[in-house]
Amino acid sequence: MSRRTVATRPEPGLADLAPDQRLRRLELTVSRRLDGLLHGQYRGLLPGPGSEVSGSREYRPGEDEVRRMDWAVTARTTVPHVREVDADRELTTWLLVDASPSMEYGTAALDKRELAVAAVAAVGFLTAGVGNRLGAQVLAPDGIRRFPARNGRTHLFGLLRALLAAPRHGGYDVDRPGARAVPPTLVDGLAGVQRMATRRGLVVVVSDFLDGLPDDPDAAPPWEAALRRLAVRHQVLAVEVTDPRELELPDVGLVTLVDPETGRRREVWTGDPTLRERYAQAATAQRDQLRQALRRSGATHLALRTDRDWSADIVRHVHTQRRLATAPAASRGGRG
């Protein structure tokens, strides 16, 4: 009977080529694959609220806020309409990056922490521009690290280096699971962003969103209310980072599973097909629960996986958001 131990794989990774060489390569990847998506349309990663009125369109129940109703057009046409606005010329983007122990897991080309760094790089390079600012909070195992909103690529590269250098292993001894400090939660990070983001802008949360996810699929996770409060004022993009082994369990014999948050261990015989099926069903239910919570919070959802082309997924997401934002205007033009 074979026996394997599932544990955090040793670096390399992005950090192995840091500080500058890998970051430059990452910038080149983003520039080649993603640059130009914003060209001629200054709307950031999400089309959404700004300050300059650009027209109106028909109200979409469940998607539009009542406070954006264009009452004059509604009265004239007898059909509910909302105002459309162009994004502000100076965009402030706030990042909340999960660097907790559960983000260290990975069985593909990248682990989840490295994929989070790639997502942050994409957001940073795509929102960089004259007058734009980028701020961040990082949920590291030893506390919340705050980066004030500043502009320039030097600031972005400093943030990426800090993410790559953030401590790992969750601050506990695997042989003594109780010997660890209590890490900050996603709720703590969202509350911090709420305090710092005093001006309307873009908030990007990069996480696996497993923090405090309840076993009851009908129960709301603890971070949902905080995310909803942010979405009232800001555009919110939730970047969900997952690994394929979190969705299905392969048949690899006897394994020792280690909870990265607590250090607890459990031996599992993966040769049992019933166990693997139950695992896949539970994982599917968990992801559905997560998607529903993000939808209720009003955040736009972008799912990235460690075994997929993350840049292609971001490109598809941005194009989809553009298409959804411009479709009503195009249909109005066709009717005119």
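**Notes on the predicted model**

1. Helices α5 and α6 are roughly parallel to each other, because their crossing angle falls under 35 degrees. This is a predicted model, and the remarks that follow should be read as such. The axes of α5 (residues 186-196) and α6 (residues 224-233) cross at roughly 20° and come within 9 Å. The crossing of α5 past α6 is left-handed.

2. Which residues make the contact between α5 and α6? From α5 come Leu190, Val193 and Gln194, and they meet Ala226, Leu227, Arg229 and Leu230 of α6. By class, the residues of this contact comprise five nonpolar, one polar and one charged.

3. Helix α4 covers residues 153-165, 13 residues in total. From first C-alpha to last α4 reaches 18 Å, close to the 18 Å expected at 1.5 Å a residue. Its buried residues are His155, Leu156, Phe157, Leu159, Leu160, Ala162, Leu163 and Leu164.

4. Helix α7 (residues 273-297) has 25 residues, so at 1.5 Å a residue a span of 36 Å should result. The end C-alpha atoms of α7 are 36 Å apart, which agrees.

5. Which residues of α7 are buried? They are Ala283, Arg287, Gln289, Leu290, Ala293, Leu294 and Ser297. An α-helix has 3.6 residues a turn, so residues three or four places apart point the same way. The buried residues of α7 pack against helix α6 and against the strands β8 (235-242) and β11 (300-305).

6. Threonine 78 deserves a look in the backbone check. Its phi is near 60°, a positive value in a residue other than glycine. The residue sits in the loop between α2 (71-77) and β3 (81-86). Is threonine 78 buried or exposed? With a relative accessible area of 67%, threonine 78 is exposed, because that value is over 50%.

7. Although it is not a glycine, phenylalanine 209 has a positive phi of about 60°. Its place is in the loop between β7 (202-207) and α6. Phenylalanine 209 counts as buried, because its relative accessibility of 1% is under the 20% cut-off. Threonine 78, by contrast, is exposed.

How values were computed:
Residues are numbered from 1 along each chain as its sequence is written. This is a predicted model: local features need pLDDT of at least 70, side-chain atom pairs count only at pLDDT 80 or more; totals for chains, interfaces and linings use all residues. Side-chain values use heavy atoms; hydrogens and water are left out. Axes are lines fitted to C-alpha atoms, for helices over the stretch in contact, and angles run from 0 to 180 degrees between N-to-C directions. Helices (H or I, at least four residues) and strands (E, at least two) are DSSP runs, numbered from the N terminus. Angles under 35 degrees count as roughly parallel, over 145 as roughly antiparallel, 65 to 115 as roughly perpendicular and the rest as oblique. A crossing is left-handed if the near helix is turned anticlockwise from the far one by less than a right angle, and right-handed if clockwise. Contact means heavy atoms within 4.5 Å. Ala, Val, Leu, Ile, Met, Phe, Trp, Tyr, Cys and Pro count as nonpolar, Asp, Glu, Lys and Arg as charged, and the others, Gly among them, as polar. The expected span of a helix is 1.5 Å times one less than its number of residues. Buried means under 20% relative accessible area, exposed over 50%, partly exposed in between (1.4 Å probe, protein chains only).
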